[in-house]
Amino acid sequence: MHTFPTVFGAQALPAPWSADRRADPGAALPLVLPGADQGWRHAACYWMAALGGLLTPHRLRPERARRYGAPVTISDALVARWHRLFGIDGSAGVPLLYNQSVGTLLYMAVFADLGLNVRHLLHLQHRTVHHAGVAACAAARQQRLVCGLRRALRLGEDRALVELETQILDAGGAPLATVVDAFMVRRLPAADVRALPSDRHVTRELIGLRRRRAQVDPASGDAWRRPLPIGRHLGRAYGQVSGDRNPVHTTAFGAWLFGLPRPFLQGLGLRSLVVRELALDGTPIDRLEMTFASPAYLGQMLGLVVDGDRFEEEDAAGTLVAFGRAGAAQA
């Protein structure tokens, strides 16, 4: 029984998601979801969904995943809050994810369909492609998000990779951007994992991710390096604008419950810090790919190194925290 969508005002319950329907945004189950501007309403929706995600038996059932669509209104006040948080002005052209508070709830709806206990999820990768350019996406204050399962892959005996894809459309339905976030899911029933396809390239890329060393040379003639401070309260502040209030990012107790020594920044919060630096430097960011190798713990200083279209972040001990590429739109 899929109860999560009905809590938030679903108008109908369509047949289960399938690959044929994925390409049709009109087939998405419509939801009306509160955004970050709506304060306690969004917080209540988030914590209700989060509680369900923490109490549910842990499974992975891709055949049950539906696609969801929800409108987003991005107010001037919300944009100003994002800009204050990341220390930029309105003309900087930084592609911040102003719509993320609604996007977070959509992700949680898909996780609920899949049967995942969110305690066993780890955000591994993020990709954004701006189809109409960064400026067009930033200027679109009325949007529609369409979110669903892109694919689920076997990574090991009890592990899988789950990719969620979100289409960002303008008020007229024209595509603005596509966002893909990949999550490692651990401690799954072996039967659920055996039923999944595998991809050797993806498996090779992710094996040993925590042991990967930096590959961008800061001494290269075209490279530049910048400090990237991660404030002690940034996880909480980012949760207020993005809707991602997971206690693993906000409190020491929450981190302890998840088996971590201290809170770490949300993956998309780290993304925002990186794209701010890239945008202010003039690096094209119509396309962005980012892999999270280690937690970006709150209260530490990272070093961002950029060489052409490649970037990496390391902590003070030389541990690679994240890496990726950014570039102009493809012709």
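**Reading the features**

Guide: Start with accessibility: Arg-59 is partly exposed, with a relative accessible area of 28%. The classes are buried (under 20%), exposed (over 50%) and partly exposed (in between), with a 1.4 Å probe and protein chains only. This is a predicted model: local features need pLDDT of at least 70, side-chain atom pairs need 80 or more, and totals for chains, interfaces and linings use all residues. Residues are numbered from 1 along each chain as its sequence is written, and side-chain values use heavy atoms, without hydrogens or water.

Visitor: Which residue meets Arg-59 in a salt bridge?

Guide: The general idea comes before the case. Side chains of opposite charge can pair when their charged atoms come close. The cut-off here is a side-chain nitrogen of Lys or Arg within 4 Å of a carboxyl oxygen of Asp or Glu. Arg-59 pairs with Asp-192, at 2.6 Å from N to O. Arg-59 sits in the loop between α3 and β2 (68–73), and Asp-192 in helix α7 (residues 190–194), so the bridge ties together parts 133 residues apart in sequence. Asp-192 is buried, at 7% relative accessibility. Helices (H or I, at least four residues) and strands (E, at least two) are DSSP runs, numbered from the N terminus.

Visitor: How many salt bridges does the structure hold?

Guide: There are 13. One of them joins the side chains of Arg-127 and Glu-163, at 4.0 Å from N to O. Arg-127 belongs to strand β3 (residues 121–130) and Glu-163 to strand β5 (residues 160–170), so this pair links parts 36 residues apart in sequence. Arg-127 is partly exposed at 24%, and Glu-163 is buried at 2%. Both belong to a salt-bridge network that also takes in Arg-150, Arg-151, Glu-165 and Asp-199.

Visitor: Where do Asp-309 and Arg-325 lie?

Guide: Their side chains form a salt bridge at 3.0 Å, N to O. Asp-309 is in the loop between β9 (300–307) and β10 (310–314), and Arg-325 is in strand β11 (residues 320–327), so the pair ties together parts 16 residues apart in sequence. Asp-309 is partly exposed at 36%. Arg-325 is partly exposed at 41%.

Visitor: What does Leu-270 touch?

Guide: Contact means heavy atoms within 4.5 Å. Beyond four places in sequence, the partners of Leu-270 include Leu-228, Ile-230, Met-290, Phe-292 and Val-321. Glu-313 is also one of its contacts.

Visitor: Is Gln-266 buried or exposed?

Guide: Gln-266 is buried, at 1% relative accessibility. It lies in the loop between α10 (252–257) and α11 (267–281). A polar atom of its side chain is 3.0 Å from the backbone oxygen of Gly-235. The backbone oxygen of Asp-244 is 2.9 Å from a polar atom of the Gln-266 side chain. Leaving aside neighbours within four places, other contacts of Gln-266 include Tyr-238, Gly-239 and His-249.

Visitor: What is the phi of Arg-187?

Guide: Most residues other than glycine have a negative phi, and most peptide bonds are trans. Arg-187 has a positive phi of about 60 degrees, and it is not a glycine. It is in the loop between β6 (175–185) and α7. Arg-187 is exposed, at 63% relative accessibility.

Visitor: Last, the surface. Which residues form a nonpolar patch there?

Guide: Leu-51, Leu-54 and Leu-55 do, with about 310 Å² of accessible area together. Leu-55 is in helix α3 (residues 40–55) and is exposed at 65%. Patch members have over 30% relative accessible area and no salt bridge; like charges are joined within 9 Å, nonpolar side chains (Val, Leu, Ile, Met, Phe, Trp, Tyr) within 5 Å. Areas come from the Shrake-Rupley method with a 1.4 Å probe; for residues, only the protein chains shown count as cover.

Terms used: Polar contact = N/O pair within 3.5 Å; in protein donor to acceptor, adjacent residues only side chain to side chain.
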